[in-house]
Amino acid sequence: MSPIRTASRSTIFAPLRQATFRNLWLSSTVSNTGSLIQSVGAAWTMAAISTPDHVALVQTATFLPVALLAIPAGALADLYDRRKVQIASLLLAAVAGVLMTLASIFGLMTPWVLLGFCFLVGCGGALSAPARGASVGEQVPKELLPQAVGLNNISYNLARSIGPALGGVIVAALGATVAFAANALSYLPMLISLQRWKRKAEVSRLPPEGLARSISSGLRYIVNMQPVRRTVARAFITCCLGGVLHALMPLIARDLLGGGARTFGLLLGCFGVGAVSGIFLLQPMRERLGGENTVRVSSLVLAVSLAVLSFSSSLALDFVALLAAGAVWMVMTTTFSVTIQLSVPRWVMGRAIATSSAATSLGIAAGAWLWGSVTQGHGVALALQLASVALLFSPLLGLLLRIEDRSSSIESDERAMRDPDVKLAITGRSGPISIELQYRIAPQQAREFYQLMRELQRMRTRNGAYDWSLARDIADPEQWSERFRCPTWDDYLRQRSRRTLDDSALHQRAAQMHIGLEPIRVQRWLDRPSGSVRWREETPDRGDDALRIQG
């Protein structure tokens, strides 16, 4: 039986047995519901006071912060206490929600003021999302991580199934101001749950990276990790095409169905019900089809749904199309998210989740602008039809951007390594550091060793090394030399601490191919040694007495 199959459908709700995860999941659902109630109020207010292109910009203003702030937010989630990061971010969103309510009460709402408040609320959500996603692994056993990721997506989609319909009723009966106030209050349960979470602090022997370097190291890892890189690109393109539905939903309700705020809320609610039902399709589809075919089938179903919506003037038919669209949208986005989270180790999890969120949100934001512009010039129906045709051809993306199947997460190698032999007085900021490893390899294994070294190059590069090279002695063909550099001594120690079990297996294979009588020789060089050299005859060489190493 495959590992994917062992996570059966009967255990999809197993993470909810963990009290901390359950409390945060429930309060997150409340918060998401409030956000969607606000979205209905904002979209319908914009439809009343401005033009169709501005209506589409509501989605852009909401999702653009994720695209802009996701990577820094991911770095913050990996650098600092994830519980505190979430609390600070949600306080920002709550304050923005209160200010939006006050602006509406006092009649200060204009198109650009509305977009500005949507952007601020989105900033709070964007800053908290990576920390929320990265902390899931601290709240459930690792074997339940795929189910927990799926449930996190359900939280938003469950809110989508009730929030928009509730928002439509509130806007129609009480006005948009009450919808904005409901959103501001919805953050309270999440803040209380986070305050009650007794998170165990992670202790590191090394000082934290700076924000800029943390962002750089996270992006380096993602760029050099092929499964993640492909999934991020695929998510962006797919969400750009499928984002037409999110952007034009108010106009589908108003222009194609001739409805009002309640119709809009019902359409969004129907999409949310479909998304919630998608959780029951996710596991069977992953088992039978694999990740790539799951995304392909979902894209085709979404294309058909868009085509139906473009020609339909029946509310009942639109409900059926949106149920299907919601289900496959949830399946696709969760497949992207699960693939990424199972493909990276814990130390970069926040940044990987942030990159995934940025790709999804930037795709939706770009799609909202694109399809809003098409709608402005050619109408809602044609925009939906063009997006449908594009999605019909999107499975061809799998030829270049294939979604990899993975059933278990990457595990860090927690085994302690021997501390480097250092007798020169250096600090954590000393550098650059050059590392050289010398191997003796039988000539008949040269090609196999070379291919292994290429794998090691990718591993070292994504973990922080640069200027990697491999050389062979022309006078002694058995002698090989691998060289790479790290910016500072601390960066080198971080690279050593980032080993996964897969990385250690590569090192073990290289060690097994080494035929020398002596172990593999490792040399570490300080490339700019001026600070370690005495400048006057009477000044003693500090040697290792002044050595301060955090290793």
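User: What covers the buried residues of helix H18?

Analyst: Helices (H or I, at least four residues) and strands (E, at least two) are DSSP runs, numbered from the N terminus, while buried means under 20% relative accessible area, exposed over 50% and partly exposed in between, with a 1.4 Å probe and protein chains only. The cover over the buried residues of H18 includes strand S1 (433–440) and helix H16 (446–462), where contact means heavy atoms within 4.5 Å. The residues of H18 that are buried are Asp-503, Ser-504, Leu-506, Ala-510 and Met-513. This is a predicted model, in which local features need pLDDT of at least 70 and side-chain atom pairs count only at pLDDT 80 or more, whereas totals for chains, interfaces and linings use all residues. Residues are numbered from 1 along each chain as its sequence is written, and side-chain values use heavy atoms, with hydrogens and water left out.

User: Is Gln-86 buried or exposed?

Analyst: Gln-86, which lies in helix H4, is buried, with a relative accessible area of 1%. Leaving aside neighbours within four places in sequence, Gln-86 is in contact with residues including Ser-128, Ala-131, Met-190 and Trp-197.

User: Which residues form the nonpolar patch on the surface?

Analyst: Patches are made of residues with over 30% relative accessible area and no salt bridge, like charges being joined within 9 Å and nonpolar side chains (Val, Leu, Ile, Met, Phe, Trp, Tyr) within 5 Å; a salt bridge is a side-chain nitrogen of Lys or Arg within 4 Å of a carboxyl oxygen of Asp or Glu. Here the patch is formed by Val-95, Val-98, Leu-99, Leu-102, Ile-105, Phe-106 and Leu-108, with about 670 Å² of accessible area together, as given by the Shrake-Rupley method with a 1.4 Å probe, for which only the protein chains shown count as cover for residues. Leu-108 sits in the loop between helix H4 (82–105) and helix H5 (111–134), and Leu-108 is exposed, with a relative accessible area of 53%.

User: What is the phi of Asp-467, and where is Asp-467 found?

Analyst: Asp-467 has a positive phi of about 55 degrees although it is not a glycine, and Asp-467 belongs to strand S2 (residues 466–472). Its side is partly exposed, since the relative accessible area of Asp-467 is 47%.
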